[in-house]
Amino acid sequence: MSTGVAACVRASGTSGSRFLGPGQPKVLCTTAAGTVVDGKLETVKAVRKRGVDGRVRGFEEIPHTGRNGWINLLKFWRENRFQQLHLHMERTFNALGPIYREKVGTLSSVNILLPADISEMFKSEGLHPRRMTLEPWATHREIRNHRKGVFLKNGEEWRSDRLQLNKEVMMSAAVRRFLPLLDDVAKDFCRLLEDRVEREGRGAEEAKRSLTIDPSPDLFRFALEASCHVLYGERIGLFSSSPSLESQKFIWAVERMLTTTPPLLYLPPRLLLRVGAPLWTEHATAWDHIFSHGEDPEGVPASVVLSGFRDCGSWRPLRWIDGWRGGHGVCLNISDDPSCHGSTAVPLQFGLFELGRNPEVQDRVRQQVKRSWAQAGGDPQKALQGAPLLKGTIKEILRLYPVGITVQRYPVHDIVLQNYHIPAGTMVQACLYPMGRSSQVFEEPLNFDPGRWSVSREEGQRGEVMGFRSLAFGFGARQCVGRRIAENEMQLLLMHILLRFHLSVPSSEDLQTTATLILQPKTPPRITFSKL
């Protein structure tokens, strides 16, 4: 934080408060975060909209967290900001206003959180939208001679692949075909959970027994089982009572890959490779194990299998690739956004927790689900269409707990944000975690309220940028290619859980969260499942 901004914050007593909040006190300074006009502190938004002197301000005038990227990187390491990046962003917006620059190591960005600014960012994304390249991932594929999936491609090569993949997993016809597969896995999950409650649960009457567990390992297996059933057309057996050692190793490898990615984003991967840095070695070893699950007996990597999937004339599961064993790597390569790499297991943890500590919300969603399920006659698509609160529940979970905490673009032409000039080619980040909890964007932002996404309430607040408040899967041509699978996977599982169980939580205290490449709870919440 610059000296002037820090002094202003101290003088006004706003440190730690939400920016642009009501009742800002008077100050006797002019800074990037505000200015004195007629003895009153004007808000950041008002000042930047017209400029103190009527001009567009230069890029260098954007508030920043320090000009030396290497000193900033040292602070990140020392203060463990990598795992608290979402909270660091929230604190920085509170201190500097709705836009700031940050340089950490070799990575520079302009960070924003207001929907109007995010709208401008997407308007300038061009025909071939670019997001931040995850250099550690790209470097691993290059040194191992693995082909890059659509997530790591850019330009016309990306566009060609993406248009084909859209037909396979994003279009309505594809959704209708894979919904029954997801529905089968969700029903099986709930049947196994019912059996476990009956065996291990407490309660004198079998029909009223309840069980308190950490469901995160089961949810992770559900996410992999469901996604792979869609992609391969075959069940991979992760619901067995004793998952194989290889499955457990695979899950470990994914976790290590996600955990080691963020620090590597700020350093040159090839330099780390050359010096044999332990962090790089751990990251590469995790990827090697993931790719080992995506090879057929002749050693064809998962990214090549994905190309075969892409080149099919019409959608069908991947079981036509005879002899292909496992192949979990395709689950990662098919995604065009890190939010999909958290699969659906982590948002489901947060969702079960929020429904458990908000029983009135849970009851409203359940009643709608019951009516819709009864009217749908076993058709999962009709059941989901008749339960908009279920869709609102997913959006609300991802508003408060976005799996990927940012969405990035590189504008193809110069733009102006908050009256600051942003040159073409600058990485601009929409910061989803601070936006989702900002009172400038949402009424009562900390309340869990699926109804806020209802059509009637949305139309009542309809404005130019209302569509840019829900971006957990990205936006536009480069949104997460696995979005339809993930959304329906989560909705179907919650639907079947609510039809069978009442949810509660032993503790309703807010969950502490940590950011690896994805946002997740520091400690998985324990959930009580009571048979209805």
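Student: What does the accessible surface of the protein chain come to, and what percentage of it belongs to carbon and sulfur atoms?
Tutor: It comes to about 22500 Å², and 50% of that belongs to carbon and sulfur atoms. Keep in mind that this is a predicted model.

Student: Okay, and how many helices and strands are there in the chain?
Tutor: The secondary structure comes to 22 helices and 13 strands. Of the 532 residues in the chain, 57% are buried. Looking at contacts between residues at least 6 apart in sequence, 74% join residues at least 24 apart.

Student: Let's go to a helix. How many of the residues of α19 are buried?
Tutor: 10 of its 13, so α19 counts as mostly covered. Among the buried ones are L389, L390, I394, E396 and R399.

Student: What covers those buried residues of α19?
Tutor: The cover includes α16 (345-357), α17 (359-376), α18 (380-385), α20 and α22.

Student: And how far does α19 reach from its first C-alpha to its last?
Tutor: Helix α19, residues 388-400, reaches 19 Å, close to the 18 Å expected at 1.5 Å a residue.

Student: You listed α22 in the cover. How many of its own residues are buried?
Tutor: 16 of its 18, so α22 is mostly covered as well. From first C-alpha to last, α22 reaches 26 Å, close to the 26 Å expected.

Student: Is C480 buried or exposed?
Tutor: Buried, because its relative accessibility is 0%. C190 is at 0% too, so that cysteine counts as buried. The 0% figure also makes C431 buried.

Student: New spot: where is E125?
Tutor: E125 is in the loop between α5 (115-123) and α6 (135-143). It counts as buried because its relative accessibility is 9%, and the cut-off for buried is under 20%.

Student: Which residues is E125 in contact with, leaving aside its neighbours within four places in sequence?
Tutor: R409, V412 and A477. With R409 there's a polar contact of 2.8 Å between the two side chains.

Student: What about T259, which helix is that in?
Tutor: T259 is in α10, residues 245-264. At 25% relative accessibility, it counts as partly exposed.

Student: What lies 2.9 Å from a polar atom of the T259 side chain?
Tutor: The backbone oxygen of E255. As for H283, its C-alpha is 8.6 Å from that of T259, and the two residues are 24 apart along the chain.

Student: Last one: where does Q440 lie?
Tutor: In the loop between α20 (432-436) and α21. Q440 counts as partly exposed because its relative accessibility is 36%.

Student: And how far apart are Q440 and P98 in sequence and in space?
Tutor: They're 342 residues apart in sequence, yet 10.0 Å apart in space, C-alpha to C-alpha.

Definitions and conventions
Residues numbered from 1 in each chain as written. Predicted model: local features only at pLDDT ≥ 70, side-chain atom pairs only at ≥ 80, totals over all residues. Heavy atoms only, no water. Buried < 20%, exposed > 50% of the residue type's maximum accessible area, 1.4 Å probe, protein only. Helix = DSSP H or I, 4+ residues; strand = E, 2+ residues; numbered from the N terminus. Expected span 1.5 Å × (residues − 1). Contact = heavy atoms within 4.5 Å. Polar contact = N/O pair within 3.5 Å; in protein donor to acceptor, adjacent residues only side chain to side chain. Areas by Shrake-Rupley, 256 points an atom, 1.4 Å probe, with all protein chains shown as cover.
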